[in-house]
Amino acid sequence: IVLGMNRMILSILICLLTINGYSQHGVKFLEGDLQSALNVARQQKKMVFVDVYTSWCGPCRWMSEEVLQTPEVATYFDKHFVCFKIDAEKGDGVEFAKKYDVHAYPTFLMFLPDGTLQHKVVGADTLKLFIPRVERGLKERTSWKYLMEKYVKGTLQKREIPVAIQVFEEAHMKKEVKGLTDSLFQLLSPKEKLNERYWVVYEQLKYGDLFTPRFKFFVENRAKIAGKGRETGSFEIIRTMLFDHLINNTTGRITSKENPWNCGEANEMPYMRSLIEISDLPDKAFFLAWCDVASACYFGQADQVKKSINKIATFPEAEQYGRTFVWAYKQYFPDEEDKLESLREVWNLKGNE
């Protein structure tokens, strides 16, 4: 009799939890707490999907009100999950966020019915990208839990590291991603470094990787590594790296008075020039001209700033960065309003830069 009563109570609980959810058009989020959701998940033999949000988080609202509101996604989540959401800054959510190390929003956590954290995904994204991230958590060998345990033990196999990098990136684990990416590159043979299976080691190149062997190798072998399928993306990786460093020098974020780089040269430019020269960038002449601008700004050489900005104004590629060049010119020649206005016209700028 007691067992029957317990089952009846659980059935009533499920009805109460789901009645609010089924009135929605999108993903059904149950009311209650995590333990209640786990109880339902055990009976339905599903996992628990938790949306950790805050009231002020715009991406959280976008995910909840747009991405997770289609009938298709509702069907998918209902098949695999019991869904539950919690505000990380109210009530039990404060302790919940602390317990599961949630620091960014939205964060999505996936639990096994026994309460074990299986997978995590941090950040908003389109449904096309979001679903594959969730699906990795449905399979043990691509789940955050499995890969994290192997990472801690130091037993990740070389073939598993690209997946771990991807999963850890999606969980917003920057330190671990950096370490794994550097380690993987060192493990690869020269032939493997050209294999598309390991594209992730180049996809993860960040600002601080300018002087690494990995970035230099990528610049030297871009065409072989990227092939035709990733030509646009591979050029963008190189351009982004160059842009980030060049703009810091051009705008004075890095100066000769306080240079954080130690590359055996007075500044970054000699090394960056060498990379640009060995690259197959179709716009390498533009980036070399930008090196002239950045060097002049770095050393505070007013005459060279004027000369190099006049030169770079002849490159069509400079238009998307025109605001930066006008700003730099204005720092040295604030009274040359006619010249500043002509530069604004060249780069189709309106208003103040």
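Biologist: How much space lies in the largest pocket?
Modeller: This is a predicted model, in which local features need pLDDT of at least 70 and side-chain atom pairs pLDDT 80 or more, while totals for chains, interfaces and linings use all residues. Residues are numbered from 1 along each chain as its sequence is written, and side-chain values use heavy atoms, without hydrogens and water. A pocket is an open set of points on a 1 Å grid over the protein atoms alone where a 1.4 Å probe fits, with protein on both sides within 12 Å along at least five of seven lines. Filled with probe spheres set on those points, which are joined across faces, edges and corners, the largest pocket holds about 360 Å³.

Biologist: Which residues lie closest to the centre of the largest pocket?
Modeller: The lining of the largest pocket, meaning residues with an atom within 4 Å of a point, counts 18 residues. Those closest to the centre are Arg136, Gln166, Glu170, Val200 and Glu203.

Biologist: Which helices each supply at least two residues of that lining?
Modeller: Helices (H or I, at least four residues) and strands (E, at least two) are DSSP runs numbered from the N terminus. By that numbering, the contributors are helix H6 (127-136), helix H8 (161-170) and helix H10 (200-203).

Biologist: Which strand runs parallel to E2, and which runs antiparallel?
Modeller: E2 (residues 47-53) is joined by 7 bridges to E3 (residues 81-87), where aspartate 87 is the bridge partner of tyrosine 53. Another 5 bridges join E2 to E4, with aspartate 51 opposite phenylalanine 108. The parallel neighbour is E3, and the antiparallel one is E4.

Biologist: Which residue in the turn between E4 and E5 has a positive phi?
Modeller: E4 and E5 (residues 117-122) pair antiparallel over 5 bridges, and phenylalanine 108 stands opposite valine 121. The two strands form a hairpin with 5 residues between them. The residue with the positive phi, about 95°, is glycine 115.

Biologist: How many residues of E4 are buried?
Modeller: Buried means under 20% relative accessible area (exposed is over 50%, partly exposed in between; 1.4 Å probe, protein chains only). On one side of E4, Thr107, Leu109 and Phe111 are buried, as are Phe108 and Met110 on the other. For the strand at residues 107-111, the count is 5 of 5.

Biologist: Which cysteine is joined to cysteine 57?
Modeller: The structure holds 1 disulfide, a pair of cysteine sulfur atoms within 2.5 Å. Its S to S distance is 2.3 Å, and the link is right-handed, with 85° about the S-S bond. Cysteine 57 is buried at 3% relative accessibility, and cysteine 60 at 4%. The partner is cysteine 60.

Biologist: What is the geometry of the pair formed by phenylalanine 185 and tyrosine 202?
Modeller: Among 29 aromatic pairs, where rings of Phe, Tyr and Trp (its six-membered ring) have centres within 6.5 Å (planes under 30 degrees apart are stacked, over 60 edge-to-face, the rest tilted), this one has centres 6.3 Å apart. The pair links phenylalanine 185 in helix H9 (residues 174-187) to tyrosine 202 in helix H10, 17 residues apart. Both residues are buried. Because the planes stand at 80°, the pair is edge-to-face.

Conventions: Two strands pair if DSSP finds at least two bridges between them.
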